[in-house]
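Let's take a friendly walk through this structure together, beginning on the inside.

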Amino acid sequence: MDWCCNLPLLYPNFIYSFRLPLRTSRMAFLTKLSKISPLARVCLSRCMSHVPENTVYGGPTPQTADRRVTLNQLKQKYKKGEPITVVTADDYPSAVHLDIAGIDICLVGDSASMVVHGHDTTLLISLEEMLVHCRAVARGAKRPLLVGDLPFGTYETSTSQAVDTAVKVLREGGMDAIKLEGGSPSRITAAKAIVEAGIAVIGHVGLTPQAISVLGGFRPQGKNVSSAIKVVETAMALQEAGCFSVVLECVPAPVAAAATSALRIPTIGIGAGPFCSGQVLVYHDLLGMLQHPHHAKVTPKFCKQYACVRDVIKKALSEYKEEVNNGSFPGPSHTPYKMNPDDVNGFFKELEKLGLNKAASVATAAAEKMNTAQRPDTEASQK
């Protein structure tokens, strides 16, 4: 038998290129081949579906057909003076939203500790929890560069620990790069080691939320001469360690401008004024997602709310509750599944045979009620 193929197995459509013996179906051949070839198993599963693969759980279509944003593309934007957009995401829906909007970088931030898990700080989220967020975001955001935060306590002990954690964020979380906070010598060394391991790194200086114990809370940095110089020098040290970008958080605009000028890599501002190479905001904050007192307390002053989604959500949930309580939901238009009259009558009789007379009566009344309710809709559609 001639079981050879005309095209390499690496091509997705190789299954159609086999020269098969007469009376041997390709499906039968693939079924046999799938027992020894993982690639054939994948192709067989695709062939058995009548739905195009790229439409299954695909989410909305992005505005652009661009492939994943790369570091080279970000460098080109930086050289041209084009601002870089960054927004956090921590689940599949938010990732899809960023994808559709054409955001450049999707940051899976440890801010999820506060805006998702309800903690007062970013310190309490674990690596395992971050990886869950990362994987969900990776499934939803196909275009932005994906960056995952290294959570507190997962990279401070040694460079070996830092590299191992960064590898996990990429390998198990599906990220393209990582972000780490701080500019102490140990953090600079960790950043350098991660870069040397082949992983792209974003640095983070100014207000570093993981260091609030040392900073005395969520306090802006760079407000005096020594603090301002430290911000610039730390950013430069992170650049020399190999970081491809640096986040500047909660520093005066002149300090951010000076750091941006001194660096040869993009700066991403958050509460740092308009002179950075790009900007980042937390998804929940910019959408006005939450109104719980806790979140009112932690929403930063510098955040502009571009929507008030919390009011839309509250209105929708209140209307749903009201309609369920008054019985108007679900109405005929949201009760689509029907039985033909013969099956309805047969169902009633079977219930009676089982001694379920009350259930039969209730089912009869329900069928009559739905038929009555659906008649006006039918008559309106015929006019």
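Which residues have the most contacts inside the largest nonpolar core? They are Val-137, Ile-178, Leu-180, Ile-194, Val-246 and Leu-248, in a core of 57 residues. A nonpolar core here is a set of buried Ala, Val, Leu, Ile, Met, Phe, Trp, Tyr and Cys residues joined through side-chain atoms within 4.5 Å, and buried means under 20% relative accessible area with a 1.4 Å probe, protein chains only. Helix α6 (residues 127-140) gives this core its largest share, six residues; helices are DSSP runs of H or I with at least four residues, and strands are E runs of at least two, numbered from the N terminus. A second, separate core of 16 residues includes Ile-84, Ile-105, Val-147 and Phe-244.

Please bear in mind that this is a predicted model: local features need pLDDT of at least 70, and side-chain atom pairs count only at pLDDT 80 or more, while totals for chains, interfaces and linings use all residues. Residues are numbered from 1 along each chain as its sequence is written, and side-chain values use heavy atoms, without hydrogens and water.

Now look at α6 itself. Among its buried residues are Leu-127, Met-130, His-133 and Val-137. The buried residues of α6 pack against α4 (92-101), β2 (105-108), α5 (112-115), β3 (145-149) and α7 (159-171). Ile-178, leaving aside neighbours within four places in sequence, is in contact (heavy atoms within 4.5 Å) with residues including Val-147, Leu-170 and Ile-194.

Definitions and conventions
Buried < 20%, exposed > 50% of the residue type's maximum accessible area, 1.4 Å probe, protein only.
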